[in-house]
Amino acid sequence: MDPLKRLEGIVSLIGSTPLLKIDFTWKKHFRSIFAKAEYLNLTGSIKDRMAYHILRKAYLNGSLKPDAPIAEATSGNTGISFSALGRLMGHPVTIFMPEWMSMERKNLMRSYGAQIRLVSHEEGGFLGSIALAEKMAQENPDVFLPRQFDNEDNCEAHVVSTGPEIVAQLAKIQRVPDAFIAGVGTGGTVMGVGRYIRKFFPKAKIHPLEPSNSPTLSTGYKIGFHRIQGISDEFIPAILKLDQLDNVVEVDDGDAILMAQKLSRDLGLGVGISAGGNFLGAMKLLNSLSDEEAERATIVTVFVDDNKKYLSTDYAKDEPLKEDFLAPDIELLQVTAVGGR
């Protein structure tokens, strides 16, 4: 069967996710944020949108040939998406990834039929993973490299899907976006959604988010260690244009873990650690406003993936509290889904 037809056969399982309105209080102040439920995509993350878009375009323009190998460097979700969709299209898939990513991520890729090459700190970690993928393509010209950190189609995927969905879903409840915030892995989500939102709402703020434990965006390189897998890898991606964005927001990884646990335990939203970080980042933006402004503001983010990829990590453990954590003072009240399939 034609690989493109096989890919398009499952398109209804990618995108069209609900927008969640989450009502809560912080130190008794009422707040609401809006988050796209991206963990409801085919393989459980927002990266399905990007993988589908890149593979479809590559097949149409001839850069991806039938049966050609696909190779990508990733910290997890992208690799899972390319593993599933690549194998669906009949391609062998090789994933290069740092060896310290969660066991669930590795096993999920293997379950989809991908070959995994784990890369140690000594071999260069994340940058070493990219170098090994490039080397594979140099040795075999038929290899297709999605190059998620450099490929503008990554951003375009969110210009044509995630962004329009957010604006349309908000319109259903008579809202417009005041700000969008998302953790930066490749930068595709924050750039793509940001471009679409600003096309219609030029005054909207677009904020990248990173862990305060390892502020790559603020320094230009990796500093220290953090536990929000999938963001703040070891460098600033080429497709991320910080001069087109508003200020970087930082959250502590422990606070993000506590928030992700709270979303699961109090609202039944089984989301990953980065979702906890994104929630806290959105709340920080609300807290920068007056109480009256905060009650009216529409701050949007994404819940990137599900919690099933983190059950062997600190997500499943008791997280020690720090004095400046925000999550302990948050009381989640209600979640309401808007739109979606």
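Predicted model: local features only at pLDDT ≥ 70, side-chain atom pairs only at ≥ 80, totals over all residues.
Which residues lie nearest the centre of the largest pocket? The notes below take that point up, then turn to the other spaces and to strand β2.

1. **Largest pocket.** W100, M101, F225, H226 and Q229 lie nearest the centre of this pocket. They belong to a lining of 22 residues. The space inside comes to about 350 Å³. By class, nine lining residues are nonpolar, eight are polar and five are charged.

2. **Second largest pocket.** Here the space is about 150 Å³. The lining consists of D178, A179, K203, K205, H207, L285, S288, L289, A297 and I299. Five of these residues are nonpolar, two polar and three charged.

3. **Cavity count and volume.** Searching the whole structure gives one cavity of 30 Å³ or more. The volume of the largest cavity is about 290 Å³. Its lining numbers 30 residues, and K47, G185, G230, I231 and V304 are the closest to the centre.

4. **What lines the cavity.** Helix α7 contributes the most, with three residues. In the lining of the largest cavity, 16 residues are polar, ten are nonpolar and four are charged.

5. **Strand β2.** Is β2 mostly covered or mostly open? Mostly covered: the strand spans residues 29-37, and seven of its nine residues are buried. Strand β2 has pairing partners in both β1 and β9.

6. **Pairing with β1.** Strand β1 covers residues 19-26. The β1 and β2 pair is antiparallel, with eight bridges.

7. **The hairpin turn.** Two residues sit between the strands in the hairpin of β1 and β2. Look at K27 there: its phi is positive, near 50°.

8. **Pairing with β9.** Strand β9 takes in residues 299-303. It runs parallel to β2, and four bridges join the two. A37 stands opposite F303 of β9. I299 also belongs to the lining of the second largest pocket.

9. **Points to view together.** For the pockets, start with the residues around the centre of the largest one, W100 and H226 among them. For the cavity, start with the residues closest to its centre, including K47 and V304. For the strands, follow β2 from its antiparallel pairing with β1 to its parallel pairing with β9.

Notes:
Residues numbered from 1 in each chain as written. Heavy atoms only, no water. Buried < 20%, exposed > 50% of the residue type's maximum accessible area, 1.4 Å probe, protein only. Pairing = 2+ DSSP bridges. 1 Å grid on protein atoms, 1.4 Å probe; cavity = no way out; pocket = protein on both sides within 12 Å on 5 of 7 lines; lining within 4 Å. Points joined across faces, edges and corners; volume = space filled by probe spheres on them. Nonpolar A, V, L, I, M, F, W, Y, C, P; charged D, E, K, R; others polar.
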